[in-house]
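I opened my notebook to walk through this model, one spot at a time. Here is what I looked up, in the order I went.

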Amino acid sequence: MPPIPELEAIRKAQILEASLATISEKGIAKTTLDDICRAVGLSKGGLVHYFRTKDILFKAVFEEFFKRIFETGKETMESVEGPLEQILSYDWLYDEANEDVYRGYPLLLDLLAQAAFNPDGRIMIQEWIQNWVVLLSRPLTQGIAENIFTPMDVARVARSISAVYQGVATRWYLGDDSHTTAWAHETFTAGIMGILAPYLVHPA
């Protein structure tokens, strides 16, 4: 009997979900295909039917994680009016109650470590950064059109803003009690406003 596409898609989604949870808990180095098989309730042969190797599976897990983060970012941004408000809408990155975000930090940190030694990991990080640049370029470009911002090198400014997102998030997740959620929100806002200050038509 040939595979049923709908069931295949459901099973792949289940594998990715189980893999995401397992890798975020144990890390890439300590996660085996046997761990994923146990988490999803498949034999190794069944798992290999969907993902032939550990590398292919792990790449798919990171791609799924990235997709979720950027979908959340896009939806959140679209729910807020005003380019500046959209850029500042990413305080959900520091929300411990957001399961996708919070368990995603170990994944991202693991990938950053891999990227130091693995060209494929470095490419994925570069794609991650570029996705942030694309996402942030929209409100920056809109703000220029609406005379909220003066003309700027949009991609460069977007890269700087995304670096604030990532830097504050890393300190918040890994830091001690001095890197509280309140600290993250305050530093995030101050950092972004500092980057944008030279381009504000009507400075606050």
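**Serine 89.** I began by asking: is serine 89 buried or exposed? Its relative accessibility is 7%, so I put serine 89 down as buried (buried means under 20% relative accessible area, exposed over 50%, partly exposed in between, with a 1.4 Å probe and protein chains only). I found serine 89 in the loop between helix H5 (83-87) and helix H6 (99-115). Helices here are DSSP runs of H or I with at least four residues, strands are E runs of at least two, and both are numbered from the N terminus. Setting aside neighbours within four places in sequence, I saw serine 89 in contact with Thr76, Met77 and Val80 (contact means heavy atoms within 4.5 Å).

**Ground rules.** I noted that this is a predicted model, where local features need pLDDT of at least 70 and side-chain atom pairs count only at pLDDT 80 or more, while totals for chains, interfaces and linings use all residues. Residues are numbered from 1 along each chain as its sequence is written, and side-chain values use heavy atoms, with hydrogens and water left out.

**The overall fold.** I counted nine helices and zero strands in the protein. The C-alpha atoms fill a box of roughly 65 × 40 × 30 Å along the principal axes. Of the 204 residues, 41% are buried. I also noted that, among contacts with a separation of 6 or more, 67% are between residues 24 or more positions apart.

**H4 against H7.** Two packed helices are described by the angle between their axes and the distance between the axes. I looked up helix H4 (residues 54-78) and helix H7 (residues 119-145): they pack at about 10°, with axes 11 Å apart. That makes H4 roughly parallel to H7. The axes are lines fitted to C-alpha atoms over the stretch in contact, and angles run from 0 to 180 degrees between N-to-C directions; under 35 degrees counts as roughly parallel, over 145 as roughly antiparallel, 65 to 115 as roughly perpendicular and the rest as oblique. The residues making this contact include Phe62, Phe66 and Met77 of H4 and Trp128, Trp132 and Leu136 of H7.

**An aromatic pair.** I found 16 aromatic pairs in the structure (rings of Phe, Tyr and Trp, the last by its six-membered ring, pair if their centres lie within 6.5 Å; planes under 30 degrees apart count as stacked, over 60 as edge-to-face and the rest as tilted). For phenylalanine 66 and tryptophan 128, the ring centres are 4.7 Å apart and the planes are at 45°, so I logged a tilted pair. Phenylalanine 66 sits in helix H4 and tryptophan 128 in helix H7, 62 residues apart. Phenylalanine 66 is buried at 7% relative accessible area, and tryptophan 128 is buried at 7% too.

**Leucine 136.** I placed leucine 136 in helix H7, buried with a relative accessible area of 0%. Leucine 136 and isoleucine 87 are 49 residues apart in sequence, yet 6.8 Å apart in space, C-alpha to C-alpha. Beyond neighbours within four places in sequence, leucine 136 contacts Met77, Ile87, Ala158, Ile161, Ser162 and Tyr165.

**Tyrosine 165.** With neighbours within four places left out, the contacts of tyrosine 165 include Ile87, Trp132, Leu136 and Phe188.
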